[in-house]
Amino acid sequence: MSSMAGITLDDLRRYAVARTLFPPTTLGRAIERLGFVQADPIRAPARAQDLTLRHRVTDYRAGDLERRYTRLAVEEDCLVNYGFLPRRHLALMHPREAAKAWDAATTQRAQDVLDFVRARGKAHPREVEAHFAHGRVRNYWGGSSNAATQLLDGLHYRGLLRVARRDSGTRVYELAAHAPADDSPAARAQRAAALIDLVVRKYAPLPAASLTYLVRLLRYGAPHLQPHTQAALLLAREHLASARIDGTTWYWPADENPAARRWRSDDTLRLLAPFDPIVWDRRRFELLWGWAYKFEAYTPAAQRRHGYYALPLLWREQVTGWATLAWQDGQLRPALRHVGTPPRSAAFRAALDDELQRLTQFLTPR
């Protein structure tokens, strides 16, 4: 472990913000630089992936990722959760071996669906259901789901199908092709190390507990590499840069220095997606900004403190509160809450007005 002396929490806060808020670029380059963009189906007022990308892509509008997907070297797939990632990263996880094998009956139904997609070239879940009439099954959350959708999801997860495009938000599938992978222990260890490097570069700086948690989450994208990711974590801790601040050990890539002058904030105010890399790690969030932010869309309304879909409010290097937004009849209606005394300067008011104008443009169809 490379320990760096003199690093402060202020350095880490500035570094955490500046390293991921790179100058806006093209959509493909932004996803390549981020390494992974978490997806979520809720629109409040737009999907999380769009809210994340709008800060990093020039003239981005809600839905651009879905509209341009077929022209990008990007895939929908799993990493630590579900989202979009550069196509080249699939080789780190595929062929994926699911942690739970299908029984014989499910395997046969899945093969039938795979043959159906192969024959058609591309298939919408509605077409699969109309052909097979599999009915409904119990889903992961205890409710019921279309059985055809579950089979398609399972085939996609196992790397046998890919998302060709979306129709009004619904995934349309086609056959996937993955190059044969070296399955030797050494090659698996290399892929595990590369996955850890990918998530560290996306979410750094990371408290030690968050680094461990992220590596555990890689069981989702690469369950078959779990023994190797655990071993790679031990090696990563030896090679990453680190510092111990107020009893917490922090890690980040060894080729970056959080105290360097390149990590500078600006005067732009940003309302962030709940899964934006700046705020994704709730443990890190509380260490850096001193208050607990929670995503409460799935929390009963009576128990919510921040609201159904709260967007953290970042100004300069501080997350000073949050906003909930309503988009109705082409009008943006924001409700802001602050932690402690709200900023009252003219600079803050001007920055907020600018952000609301950018959001209005982002939500307005082209």
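Start by selecting Lys122, which is partly exposed at 39% relative accessibility. The model on the screen is predicted.

**Stop one: charged pairs**

The side chains of Lys122 and Glu174 form a salt bridge, 3.3 Å from N to O. Lys122 belongs to the loop between α5 and α6, and Glu174 to strand β8 (residues 170-175), so the bridge ties together parts 52 residues apart in sequence. Glu174 is buried, at 17% relative accessibility, because the limit for that word is under 20%.

Side chains of opposite charge can pair when their charged atoms come close. How many salt bridges does the structure hold? The count is 30.

Next select Arg88 and Glu32, whose side chains meet in a salt bridge at 2.4 Å, N to O. Arg88 is in the loop between β4 (82-86) and α5, while Glu32 is in helix α2, so this pair connects parts 56 residues apart in sequence. Arg88 is exposed at 56% relative accessibility, and Glu32 is partly exposed at 35%.

Then select Asp276 and Arg56. Their side chains form a salt bridge of 2.8 Å, N to O. Asp276 sits in the loop between β12 (269-271) and α11, and Arg56 in the loop between α3 (48-53) and α4 (64-68), so the pair ties together parts 220 residues apart in sequence. Are these two residues buried or exposed? Asp276 is buried, with a relative accessible area of 0%, and Arg56 is buried, also with 0%.

To see a network, select Asp59, Arg61, Asp64, Arg67, Arg68 and Arg366, which are joined by salt bridges that share partners.

**Stop two: aromatic rings**

A pair of aromatic rings is described by the distance of the centres and the angle of the planes. The model has 17 aromatic pairs. Select Phe116 and Phe132: this pair is edge-to-face, with 5.6 Å between centres and 75 degrees between planes. Phe116 is in helix α5 (residues 104-120) and Phe132 in helix α6 (residues 125-132), and the two are 16 residues apart. Phe116 is buried at 11% relative accessible area, whereas Phe132 is partly exposed at 22%.

Move to Trp291 and Tyr293, another edge-to-face pair, with centres 6.5 Å apart and planes at 75 degrees. Both Trp291 and Tyr293 are buried. For a group of rings, select Phe275, Phe295, Tyr298, Tyr308 and Tyr309, which make up one aromatic cluster.

Arg54 lies over the face of Phe362, 5.7 Å from the ring centre. The charged end of Arg96 sits over the ring of Tyr157, 4.7 Å from its centre.

Which residues touch the most other members of the largest nonpolar core? They are Leu53, Leu79, Trp252 and Leu271, in a core of 110 residues. Select Trp252 and look beyond its neighbours within four places in sequence: its contacts include Met4, Ile7, Tyr15, Val200, Leu240 and Pro258.

Conventions
Residues numbered from 1 in each chain as written. Predicted model: local features only at pLDDT ≥ 70, side-chain atom pairs only at ≥ 80, totals over all residues. Heavy atoms only, no water. Phe/Tyr/Trp six-rings, centres within 6.5 Å; stacked < 30°, edge-to-face > 60°. Helix = DSSP H or I, 4+ residues; strand = E, 2+ residues; numbered from the N terminus. Buried < 20%, exposed > 50% of the residue type's maximum accessible area, 1.4 Å probe, protein only. Lys NZ or Arg CZ within 6 Å of the ring centre and 35° of its normal. Core = buried A, V, L, I, M, F, W, Y, C linked by side-chain atoms within 4.5 Å. Contact = heavy atoms within 4.5 Å. Salt bridge = Lys/Arg side-chain N within 4 Å of Asp/Glu carboxyl O.
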